[in-house]
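Dear colleague,

I am passing on the structure we spoke about, and my notes on it follow directly below.

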Amino acid sequence: MSNKDLEIYYTYLRDVLYYPKRAKIVPEDFSDEGHREFAEAMLSFGGMVIEMRELAGSLSRGELDVSLPSSDNELAAPLKALHSTLKHLTWQTKQVAGGDYDQQVGFMGEFSVAFNEMVAQLAERRREMEAEVVSSKQRTDELAKANSIFEVITSSMAEWIVMVDRVSGEHLFANHQAKSMLASDTFEQQLYDILVEYSASMLIDDEPRKEEFMLISDVAAQYFEMMLYPIKWYEHEAVACVLTDVTANKEEYNRLEEVAYKDVMTGVFNRLYGMRMLEQWTDEKTAFRLVFVDMDMLKYVNDVFGHNEGDTYIKAVAELLQEVSSTAVVCRLGGDEFMVLIQDRDVRGRDMAEVFEGLREKLAQSSVVGENGELMYNRSISFGIIAVGENNVLTTSSILETADERMYEYKKAHKKERRV
Amino acid sequence: MANIFKRDATIHEFDWENLGDIKAGREDLGEDMPVLVYRLMQFTMLDILTKDFGPDKANEYFRRAGFLAGSEFAKHVLDLSVDFNAFLADLTKALADNKIGILRMEAIDPDTGNLVLTVGQDLDCSGLPITNETVCNYDEGFISGILNAYTGKKYDVREIDCWASGDRVCRFNVSVE
């Protein structure tokens, strides 16, 4: 082998390694048959090396969609196997990314362990999430059931349930009955004002409490009882207001009160109520005046002019006595006797004797005259006043007796003034 | 006197039960054997079939036998009720557990169902001398039989790279017919 031949082989091998694009050897350039065959073998080997390098370069750049060397290139076979493995791993990774956690990598040493552990952890995480989803769904179902029960109960309840944010006054919930009621413009604003006022006065830790209030519409008054329950409602500090319309109860109570405490003929309170108030004020050490009033000549009027006229006379006195004060308790003790109770704060500095003298004069002006203008009888009252102070020690009987005695003295003193 | 308890079957017609109770029958030697023995039987049979029927016919017989084996293997070893991903995972494990080869998926076309898969360290060919041939005809049938048992479709499985042709894994193109 000449030095020139050696130089050609050397150059070709160097170029295959370092400058593959210019690597070139032409077997036909050799005159010797043996060299030509050797050059062809080198050309084949060099081609394999270059192909292998190109494939290795592609793999190192992650380029897997490349044309592979043919099976004739045995040097590239291990790289083709690696290419196959990488393609498989790529496919497996895509499968895992798509949720296929059955993927396992085998026969790849530490990589297999790491990959399989990763997939196992992902699978475990998915199981946990699925369990959480199931649990969450169960909770949602339970809540839906509870809510369904809640809706059935609240919609079938006669009570109105309204939820109000105790801080902002925001309306949070109203059951069916409450919504129907709220559709009425008349009540809505009044009701909200009341609910917001009561809700704002409650603290979240307060005990439930009961309130009563009244709403006035154009046509009637409605009475309510309301239970207030402070609760946490999602992010709200809320108050659940359960309202019951007690108007019918209230009206019935008023009717019974009317029957129990009012004098049917005159409309003023009766003896039962008057004595109860007298005892209450006495027990409470309230400062008040008691005025015992006795109608003059009622028996004469009944006997001479009949009971109808007598009743008219009684009604006139009852109406007159109510002029003392809107807060005075006027009651008919029976027959021709009345009692007026008035607290000192409502006396407002007036001399009650003068007040009743004034009433007496006013009553006289309503005395009854005949067809010819002659006086039929003189309407008048006699009265006795007793002031009961905060330090009173008298019993109610004593108080009443004293007033009665003073009335009698008054009547006696004014006997001559009465004429028929 | 005839033994009436003997099975009324012939070894010439394949039946999974005819594979027998290997564990009981090979109490000391066990269920495993060297790959050498498997290949000894396979390639001597190939030799005889080739001499009697020619190489194409012999390859065809091997492919049909592989199909039958794959079909029976799938029915008796694999879970055919699971989804495709789980089935592939099950198949990969079963092939490894039974030391048939390391199955790897290179590509799948979801529209056609066509696959490119490789089998490494293949029982039939890995380590064979290079002959410039693809020799895994039995594997082609085996893969086709397995997929047919799972999907009910017919598959054309062709080996495009083989250890015997100079590669280190066997690569198969799998097309739905």
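Two residues are taken to be in contact if their C-beta atoms, placed from the backbone, lie within 7 Å. This is a predicted model, in which local features need pLDDT of at least 70 and side-chain atom pairs count only at pLDDT 80 or more, while totals for chains, interfaces and linings use all residues. Residues are numbered from 1 along each chain as its sequence is written, and chains are lettered from A and ligands numbered from 1 in the order in which they are written.

On the interface, 20 residues of chain B are in contact with 19 residues of chain A. At least two residues of the chain B side come from each of α4 (84-97), β1 (102-108), β2 (115-120) and β4 (169-176) of chain B, where helices (H or I, at least four residues) and strands (E, at least two) are DSSP runs numbered from the N terminus.

In chain A, five strands make an open sheet in the order β2-β1-β5-β4-β3, with antiparallel pairing; strands pair if DSSP finds at least two bridges between them. Because β2 and β3 (209-216) of chain A stand at the edges with a single partner strand each, one side of each is left without a neighbour in the sheet. Strand β1(A) (residues 160-165) is joined to β2(A) (residues 171-174) by three bridges, the two running antiparallel, and Val162(A) stands opposite Ala174(A) in β2(A). The hairpin of these two strands has five residues between them, among which Gly169(A) takes a positive phi near 80°. Six bridges join β1(A) to β5(A) (residues 236-245), also antiparallel, with Trp160(A) opposite Leu243(A) in β5(A).

A further open sheet of five strands in chain A has the order β6-β8-β9-β7-β12 and mixed pairing. Here β6 (269-270) and β12 (381-388) of chain A are the edge strands, each with a single partner strand, so one side of each lacks a neighbour in the sheet. Two bridges join β6(A) to β8(A) (residues 329-334), which run parallel, and Asn270(A) stands opposite Arg332(A) in β8(A).
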